[in-house]
Amino acid sequence: MPSITSIHTQDVRFPTSLELDGSDAVNVDPDYSAAYVVIRTDAGDEGHGFVFSCGRGNEIITHAIDSYAALLRGRDIDELIYDLGNASKRLIHDSQLRWLGPEKGVTQMAAGALVSALWDIRARRENKPLWLLLSEMPAEEIVDVVDFTHIRDALNPQQALDILRAGEDGKVARIASLKADGYPAYTTSPGWLGYSDEKLVRLSKEAAADGFSMIKLKVGGDINDDRRRMALARQAVGGLPIAIDANQRWEVSEAIEWVNQLAEFNPYWIEEPTSTDDILGHADIRKGVAPVRVATGEAVASRIVFKQLLQAGSIDVLQLDSTRVGGVNENIAILLLAAKFGVPVCPHAGGVGLCELVQHFSFFDYAAITGTQDNRMIEYVDHLHEHFAEPVRITNGRYAAPQLPGTGAEMLSASRSRWEFPGGAGWAEVGTRAAVTGATLAQAGGAR
Ligand SMILES: [Mg+2]
C-alpha cells in the first residue's frame, strides 16, 4: 500500500513590516508568514499546505503541525485521501490534542494545514484545481466530508444534501462561465493605515480604473484621520463601494458611534468592529449601524461560532478564512451554513497565499452551492503572489479561474528556502530592520 513517508514543516516569514504593507489599527507591523508543510508518499505524491500568521509565533504553529503529523506518518495515503471526512476527524478530534482547543486556535489551524495538504494530494491525483474537484464531486461525497458535530441544530446532512442537489441545476454552465470570466474581486491594497494620503488616493483611483468591485480602508486609529481618509477615497472612486475594517478595535458602543460618524461617506460594510468572539455584540452593532452591513470571519475559530453568528442575526457578510479553521472540510461546512441562512460569503484574503487558497472556495460556492455572485466578491491584495507555483491572476477586477491541479498552496521551494526563519539568506540581508527580527534582537539586548 502507498503510504506517507515524510511530513516536512518550514517556518517561512516575509519582512512585510519594512513597508507597512498590511498595517491596520491592531496589526501595526505584520511580517506575513506561513507555517508550511509538505506531505510526501512512497507513491510519489506531494501535498502542500500552510497556515498564515503575522510573524512572531509562527514557530508555534509549525511545531503544532509536527505534533499532528505524528498521527499521519506511515499511514495508507489512499485510505486518507479517498475518505477525507474520516481523515479530518481523526486529526481534529484526536483524544489528547483536542484538549488544546477544542477546535480553535493554533491546534485547529495546524490540523487544518495537514487536512488541506491531503486535499492537495487528492486534487493532484485527479488532475484538477480544488474548486473544480469540489464542484464536480458527487453531492453525497461533499456531505460526507463535512463534520456536522455541534452544528446539526442549524444544518443537518439532509439539509446540506438538499442545498447541493439544488446547486446541480445549471452547474455545468456556471463552471464554464467561471473558466471564461472568473469571479469578482475587491481590493484592500489602497487602504492600509500606514500609507500616506497621497498613496491612498493614487491606489484608490488605480483600483477603480482596474475594475475592482470595491475598495476597503482600514479604520479605527483616529476618527479625524478616518473621516479625512474616507473623504479622500470617496472623492477618488466616486460611487464605487468602499468597505471599512476596524480589525476588532472597538467596544460595542464605540463601534456604533464611530461607524455612524463615517456614515455620510456611505461605507458598504464595517468589518470586524469588535472582538471576533462577541456574537451578541455584533448583533447589537448591526442594529446600531444599519444600513451599513456588518462583516466578520477572518478570525472566527470554527463552524460552531459561525453557526451562532448566523443564528443570532449578527452579520450581513460572512468572511471565511481558509487557514483559520480546520482546513478544506470545515470551510465547506461554513459555506453550506452561510447558504442555509442566505448570507453572502466574501472570503478573507491577503496575507501571504490566502488569495491563492481562498479563491477556490468562492468558485466552488458559485458553481455548486449558491449559484450566484450577487453581493459576493473575493478580497484581493497585491502582495507576495510571485512566490507561488500558480500566482492568482486578476483580469478586469476579477479572479481568473485557477488551473493547476491542487489547492493553490504550493509556494516555490526557492522562496521557502530564502525566507525560512531565521536562517534563510533573505533574513541575513534584512538583519534587524523587520519587526520580527528587530523585536527578537531588542529583547536579546541588541540595538534596533
Ligand atoms: Mg480584515
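What distance separates the centres of domain 1 and domain 2, taken over C-alpha atoms? The two centres lie 24 Å apart. This is a predicted model, in which local features need pLDDT of at least 70, side-chain atom pairs count only at pLDDT 80 or more, and totals for chains, interfaces and linings use all residues. Residues are numbered from 1 along each chain as its sequence is written, and side-chain values use heavy atoms, with hydrogens and water left out.

Start with the domains. Domain 1 covers 4-128 + 413-437, and domain 2 covers 171-399. These bounds come from an automatic or database domain assignment. The contact between the domains takes 32 residues from domain 1 and 32 residues from domain 2. Contact here means heavy atoms within 4.5 Å. The size of an interface is often given as the accessible area lost when the parts come together. Domain 1 and domain 2 bury about 2,400 Å² between them. Of that area, 62% is on carbon and sulfur atoms. Buried area is the accessible area (1.4 Å probe) that two parts lose on being put together, summed over both.

Now turn to the helices. Helices (H or I, at least four residues) and strands (E, at least two) are DSSP runs, numbered from the N terminus. Two packed helices are described by the angle between their axes and the distance between the axes. Axes are lines fitted to C-alpha atoms, for helices over the stretch in contact, and angles run from 0 to 180 degrees between N-to-C directions.

Take α1 (residues 58-69) and α4 first. Their axes come within 8 Å and cross at roughly 60°. That makes α1 oblique to α4 (angles under 35 degrees count as roughly parallel, over 145 as roughly antiparallel, 65 to 115 as roughly perpendicular and the rest as oblique). The crossing of α1 over α4 is right-handed, a term for a near helix turned clockwise from the far one by less than a right angle; anticlockwise is left-handed. On the α1 side, Ile 60, Ile 61, Ala 64, Ile 65, Tyr 68 and Ala 69 take part. They meet Val 106, Thr 107, Ala 110, Ala 111, Ala 113 and Leu 114 in α4. The contact of α1 with α4 has eleven nonpolar residues, one polar and no charged. Ala, Val, Leu, Ile, Met, Phe, Trp, Tyr, Cys and Pro count as nonpolar, Asp, Glu, Lys and Arg as charged, and the others, Gly among them, as polar.

Pro 102 sits between α3 (84-92) and α4 (105-125). The peptide bond from Gly 101 to Pro 102 is cis, with omega near -10°.

Next, follow the chain to α11. Asn 247 lies in the loop between β6 (242-245) and α11. Its phi is near 50°, a positive value in a residue other than glycine. Helix α11 (residues 252-261) packs against α12 (residues 279-289) at about 25°, with axes 9 Å apart. The two are therefore roughly parallel to each other. α11 passes α12 in a right-handed crossing. The contact includes Val 252 and Ile 256 of α11, and Ile 285 and Val 289 of α12. It has six nonpolar, three polar and one charged residues.

A cis peptide bond joins Ala 290 and Pro 291, with omega about 10°.
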